[in-house]
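Have the model open beside you and follow along.

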Amino acid sequence: MGACNITVLLLVIMLWLPHGLSMGNSCSASVLEARRFFELENEQLRRRFHEEFLSGYNYNTNVTEANRQAMIDVYARNAELNKRLAQQIKASDYIQSEDADIRRQAEHLSKLGASALNADDYLALQNAISSMQTNYATATVCSYTNRSDCSLTLEPHIQERLSHSRDPAELAWYWREWHDKAGTPMRENFAEYVRLTRKASQLNGHRSYADYWVQFYEDPDFERQLDATFKQLLPFYRQLHGYVRFRLRQHYGPDVMPAEGNIPISLLGNMWGQSWNELLDLFTPYPEKPFVDVKAEMEKQGYTVQKLFELGDQYFQSLGMRALPPSFWNLSLLTRPDDRQVVCHASAWDFYQDSDVRIKMCTEVDSHYFYVVHHELGHIQYYLQYEQQPAVYRGAPNPGFHEAVGDVIALSVMSAKHLKAIGLLENGRLDEKSRINQLFKQALSKIVFLPFGYAVDKYRHAVFRNELDESQWNCGFWQMRSEFGGVEPPVFRTEKDFDPPAKYHIDADVEYLRYFAAHIFQFQFHKALCRKAGQYAPNNSRLTLDNCDIFGSKAAGRSLSQFLSKGNSRHWKEVLEEFTGETEMDPAALLEYFEPLYQWLKQENSRLGVPLGWGPTGKIPSDCCGTFST
């Protein structure tokens, strides 16, 4: 029957059935009791989540020691309650229940994570993490031109210089200043973090914290799939890397950029070298075809930060999805305040109560933030769509899905077709040279990110699994960045330095392979939605993936809503198949999207005689660890 809420009727039928006949046990008394138990516990869990995210938001939007301590106190108190719940579940037979939903809830709620630690260790771990976060949020560096001014922050000051300066010495200065201030002082905190997460993982029955993270993909083969996917994408990246290195050499000369080898990260317009599109002016494929200056057009039309978020809200509403609730507008932090320190790193928040969803980011009016706004609103829409799920299921079934949903909307929003529709572009269809330019610009973020996203957790996995000795933690990091992505620090780094915590997600204990996976899944999602919207057809030059805009498609919106509303209630392969027809992470859609650019790069590199590939970096001690090839 499937409707277990008709309890009395079912009990009567079960009594009536002749002995020996079976109608299944999905509504047995034990199942009904278990459902009542999980219903009550999910409500308590929801309240704990609300309290935790509220304290976390208060800290992130007002970085003070008092708020940090208040956040830790909430986490510690709830950790004990989560531990008791997990122990209660393990002491029962819920994990062996004949009901699949009860088994899934029991399995998820038994995953304690750091809560498995004793109270003192848990507090020590939270102090280590929050200390790294505080240092990241409050770090400032000295100006290259005025060394007595040491008040420069990452955003907007340092990033502005990385984006616009073409002086290699100035760029290396800011790179080193940031890593020396945001990274190196945090080595002891990071070591404590590694020690305690390893202890927590073992208490949870895992060999390492890496294995604890990987379990959330619910696929014992997932790491191998990631390795295989990276190998499939590497030929494209090598073409892009070779072309960019060639153009950097043309601009800076051989003393700054040799013909072969690794690219100094400081030359790439981004502190971590995870996106290179700030240097587009140096290596645009067809410079005679200028890019549309979306920022200039926004300023001309009087765009505001509020306008960016209103456009994002309208996009989702055009799909028949939920509007942003009034509380979003009243309680979000959308611009940098002048009266306090905040964590400016953009993030979306679900408070698990009354559709209370918010965004925290220091938004500015430009094309980058236009993209980020739609990405973060994708997270918000995910929260709203699965809001009716019990607390244990209010999340994505695959860690990569949440990030992919944010990006899949942005793929449509940044298309020429959509930019024309909202009045930021005159022509909604690009000629072939302009199309190559646009794909190249996107590749400088989408393709360039992949080796970085891959390396961050390959590094942490090696640390967590004790495969990388602590005496080589820093050189091992740069060994991986070089080996997987062909980039290196602009200055020599030793074990007296410690650079990984100069990246926010490492400080904040955020698993990072989700971002690599998201860069693959988003194109699978995009292709499925474009088909639903009638905006894509194979081998049709007018209906291509790179100029698809699903705006206004109720069919695409229904499909996306159904996908999102399931939350984490089912295995990701099941919901992926219903949404896209596929059951695995597959880079085919991404490669199809960028195929015209890939062919152009191969031809152009061949014509120019561009060398491809790179050797080991010379910016770390020669006796560092061996290679990490997958």
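To sort residues by class, Ala, Val, Leu, Ile, Met, Phe, Trp, Tyr, Cys and Pro count as nonpolar, Asp, Glu, Lys and Arg as charged, and the others, Gly among them, as polar. This is a predicted model, in which local features need pLDDT of at least 70 and side-chain atom pairs count only at pLDDT 80 or more, while totals for chains, interfaces and linings use all residues. Residues are numbered from 1 along each chain as its sequence is written, and side-chain values use heavy atoms, with hydrogens and water left out.

A cavity is a set of points, on a 1 Å grid over the protein atoms alone, where a 1.4 Å probe fits but cannot get out; a pocket is an open set with protein on both sides within 12 Å along at least five of seven lines; and lining residues have an atom within 4 Å of a point. Grid points are joined across faces, edges and corners, and a volume is the space filled by probe spheres set on the points. Helices (H or I, at least four residues) and strands (E, at least two) are DSSP runs, numbered from the N terminus.

By this rule there are four cavities of 30 Å³ or more. The largest cavity holds about 60 Å³ of space. It is lined by 13 residues, and those closest to its centre are His 179, Trp 272, Phe 477, Trp 478 and Arg 481. Helix H7 (168-183) and helix H19 (473-485) are the elements that give two or more residues to this lining, and H19 has the largest share with three residues. By class, the lining of the largest cavity has nine nonpolar, one polar and three charged residues.

Which residues line the second largest cavity? They are Tyr 237, Gly 273, Trp 276, Val 448, Pro 451, Phe 452, Arg 481, Gly 485 and Val 487. The space inside this second largest cavity is about 50 Å³. Helix H18 (432-464) and H19 each supply at least two of its lining residues, with H18 giving the most, three residues. Six residues of this lining are nonpolar, two polar and one charged.

H18 also takes us to an open site. The second largest pocket has a volume of about 400 Å³. Of the 24 residues that line this pocket, Arg 435, Ser 541, Thr 544, Leu 545 and Asp 546 are the closest to its centre. H18 and helix H24 (588-608) are the elements that give two or more residues to the lining, and H18 contributes the largest share, five residues. The lining of this pocket has nine nonpolar, seven polar and eight charged residues.

How do those two helices pack? Axes are lines fitted to C-alpha atoms, for helices over the stretch in contact, and angles run from 0 to 180 degrees between N-to-C directions. Angles under 35 degrees count as roughly parallel, over 145 as roughly antiparallel, 65 to 115 as roughly perpendicular and the rest as oblique. H18 and H24 pack at an angle of about 115 degrees with their axes 10 Å apart, which means that H18 is roughly perpendicular to H24. In their contact (heavy atoms within 4.5 Å), residues of H18 including Arg 435, Leu 439 and Phe 440 meet residues of H24 including Tyr 593, Phe 594 and Trp 600. The residues of this contact divide into twelve nonpolar, one polar and two charged.

Next comes helix H16 (residues 399-413). Its axis and that of helix H15 (residues 367-385) come within 7 Å and cross at roughly 130 degrees, so H15 and H16 are oblique to each other. Among the residues that meet here are His 374, His 375 and His 379 in H15 and His 402, Glu 403 and Asp 407 in H16. The residues of this contact comprise eight nonpolar, six polar and two charged.

H16 and helix H21 (residues 513-532) have axes that come within 7 Å and cross at roughly 50 degrees, which makes H16 oblique to H21. Their contact includes Glu 403 and Asp 407 of H16, together with His 519 and His 526 of H21. Its residues divide into 13 nonpolar, five polar and three charged.

The peptide bond from Glu 155 to Pro 156 is cis, with omega near 5 degrees, and Pro 156 sits in helix H6 (residues 154-164). Tyr 352 is not a glycine, yet has a positive phi of about 55 degrees; Tyr 352 lies in the loop between strand E2 (347-350) and strand E3 (357-360).
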